[in-house]
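Hello,

Here is the structure I promised to pass on. My notes on it follow below the model.

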Amino acid sequence: LFRSGDYNEEHLKNTVEKVLQDLDLYEIKNLQVGDVMNKKVSGGQRKRLNIGLELMREPIVLFIDEPTSGLSSFDSEKVMSLLRNQSLSGKLVFAIIHQPSSDIIKMFDKLWLLDKGGYMIYDGDPVEALVYFKTETSQANAAESECPNCGNVETDNILHIVEVKVIDNSGYPGKERQISPKEWYEKYKKKMMPVLEKKPSKSVIPPSNFRVPKKADQIRTFIKRNLTRKLADRQYIIINLIEAPLLAFILGYISKFSENGVYSFANNKNYPIFLFMAVIVSLFIGLTVSAEEIFRDRKILEREKFLNLSRLSYLLSKINFLFTLSAIQSLLFVLVANLILGIKGMLFQQWIILFSTACFGNMLGLNISAGMRTAVSIYILIPLILVPMLLLGGAMIKFDDLHKSISKKIYVPLMGDIMVTRWAYEALCVEQFKSNRFEKPFFKYDMEISQNDWYASFLIPSLKVKVDNCLTAGNNPDYKKDAEANLRKLNFHIKYLSSISGIVPGNWISNLNYKAFNESVAMEAITLLDSLRTSFRIQSRVISYERDSLYKQISTRMGENRFIEMRAKNYNENLANVVLNRLATNKIYDADNELIQKADPIFMAPGSKSGRAHFFAPYKQIGNLKIETLIFNMATVWFMIFSLFVTLYYNILKRFI
């Protein structure tokens, strides 16, 4: 407890009382808990407390290295008395001791004396040791083991006899000993070494009073210990509480773009970059605050290993503290950033996203802390983890612009899907755009208008070009491959557009293949595509009329000026440019089997029913179930957090390394 600082007043008081009660340490009964907390204790009291705590674990065999070192004669006697009581209760106690007093040497049941080189030279009664060495060196008073006047055993005389030097011609002691360690060992083998006639019988191990606490009690104890240690480090607490709001202030102040000196949230060009940096800050803070948590406890865990304590309880206590700290840090970050940048109505959504990202960082940091051997290797590994998350988060490099071996034009590539930054940044952008106070009532109308306009303005004209290309290619074998690919795309899109519009193609659709395709089929296809185009334009106008009616209704109710002001405070133009992909010139991508929409991704339905989707999809789809992007992305992040917990519990990183 003294070494680690892992105690609180109640815990320490209970510990002291149990030590006093179980180990008969009456000499420290008057010691106040406050004195112990402030370390106002003598070396002897501290030594007895430490030994008492070790003995509370009820060991069967106890190895103690120099228990009286640095203590007064009184304290030394008390410590040895404590160990003596343990041996009388059935424990086996091994103690290495230097310069023992007469009273202490008499407490031992047996004395082992080792000479240089590890040679055993004595094994027997401690009091009779001096008689043995006097007899072997033929001294006059060999039969005397104690002082005839005071009864003390002069323990130093044993070492003087063993170490006596050869006298040179001048009468001075030389460097060599009269009896070498090996010679003493030979004497020991002849006169003292026990000869066993048979294998000794086994005795029953004394029952132990120690019981492993229940897991719930362990969790509470671990949480108290962890919290007490953290609160004791004021610098740690202050830095962690100041770090998040300070970074929010720096990011918010730097990214607060003002045109002509007047700030408007709607015209802040840097807002999308701020959102991505908020994700990185949350991940980085969560990672660094946990990167040494288990590593710092390694010595404590080694001491507690043999107690068979629950690893799950220990990990849950760490996670409990880190997640609570991350919740506070994320809240402070969002509050300060929203105040500086004038963000309205996004407090909870941004907090839950950044909190989840920080929790992922916590779990990642705990895995690193448990798996790496040194603090240096921990902080070398962190950049190797953060850099891919920076690059594959969807902000710095578009997923369509990645290396061709990674990029998937229709979906976010798998390499991006395993990055927490991709899910967090997408959730922030989509939620900010579709759920802000201005856009929220119009979003479903804008989505339908955008989709119908893309069909009418981009997809259908491209399909008509495909029909013309097929007609031009004819049966020329040089263009067969291109013609087959174009016909395959025509079949796919015509059937899909017909299903959503209700316009059913005629029997000629069966001839939309390389062998049967001719001018008549081409004309039928063009006619159908024109009908589809007209249908989508009519639908777009109908929905636009409904949207305009709603717009006028809200504008009238609020007042034109207040409505315009609300838009400026909630709708960021540059974020809209990002999620609508307005700055891209190519609105359609010609893939191998279909034409892929690249315009207005925020208004585009996902192309898969297995949860995969393009970046900035408004929702994800599993089967026929449509799940909001915020909910789906956060569920994915927490699934990743749970997966990291499993790897942490089984210490996969350490096993792998």
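**Second largest pocket**

The second largest pocket has a volume of about 1100 Å³. A pocket here is an open set of points on a 1 Å grid over the protein atoms alone, where a 1.4 Å probe fits and protein lies on both sides within 12 Å along at least five of seven lines; lining residues have an atom within 4 Å of a point. Grid points are joined across faces, edges and corners, and the volume is the space filled by probe spheres set on the points. The lining of this pocket comprises 34 residues, of which A95, I97, K110, L111 and W112 are the closest to its centre. At least two lining residues come from each of β1 (61–65), α4 (73–88), β2 (92–96), α5 (102–107), β3 and α7 (155–162).

**Basis**

This is a predicted model, with local features requiring pLDDT of at least 70 and side-chain atom pairs pLDDT 80 or more, while totals for chains, interfaces and linings use all residues. Residues are numbered from 1 along each chain as its sequence is written, and side-chain values use heavy atoms, with hydrogens and water left out.

**The chain overall**

The chain contains 25 helices and twelve strands; these are DSSP runs numbered from the N terminus, helices being H or I of at least four residues and strands E of at least two. Of its 657 residues, 46% count as buried, where buried means under 20% relative accessible area, exposed over 50%, and partly exposed in between (1.4 Å probe, protein chains only). Among contacts (heavy atoms within 4.5 Å) with a separation of 6 or more, 69% are between residues 24 or more positions apart. The chain exposes about 35700 Å², with carbon and sulfur atoms supplying 57% of that area; areas come from the Shrake-Rupley method with a 1.4 Å probe, and for residues only the protein chains shown count as cover.

Strand β3 (residues 111–115) runs antiparallel to β4, and five bridges join them; strands count as paired if DSSP finds at least two bridges between them. L111 stands opposite G124 of β4, and L114 has M120 as its bridge partner. Three residues separate the strands of this hairpin, in which G117 takes a positive phi near 90 degrees.

In a regular strand the side chains alternate between the two faces of the sheet. In β3, L111, L113 and D115 make up the covered face, and W112 and L114 the uncovered one. Strand β4 (residues 119–124) is mostly covered, with five of its six residues buried.

β3 and β4 are also part of what covers the buried residues of α6, as are α7 and α8 (181–191). Seven of the eight residues of α6 are buried, namely A129, L130, V131, Y132, F133, K134 and E136. After this helix comes S138, with a positive phi near 55 degrees.

V131 lies in α6 (residues 129–136) and counts as buried at 16% relative accessibility. Beyond its neighbours within four places in sequence, V131 is in contact with A142, A143, E144 and S145. Its C-alpha atom is 8.6 Å from that of N141, ten residues apart along the chain.

**Nonpolar cores**

The largest nonpolar core has 97 residues, and F274, F333, F360, M363 and F433 have the most contacts inside it. Such a core is a set of buried Ala, Val, Leu, Ile, Met, Phe, Trp, Tyr and Cys residues joined through side-chain atoms within 4.5 Å. Another core, of 30 residues, lies apart from it and includes W454, A483, L487 and L497. Setting aside neighbours within four places in sequence, F274 contacts L251, G252, S255, F333, A337, L341 and I343.

Which helix holds S282? S282 is in α11 (residues 271–290), and is buried with a relative accessible area of 7%. Outside the four places on either side in sequence, S282 is in contact with L354, T357 and A358.

N362 belongs to α15 (residues 347–371) and is buried, at a relative accessible area of 0%. Not counting residues up to four places away in sequence, N362 touches G286, L287, V289, S290, L322, F323 and S326.

Regards
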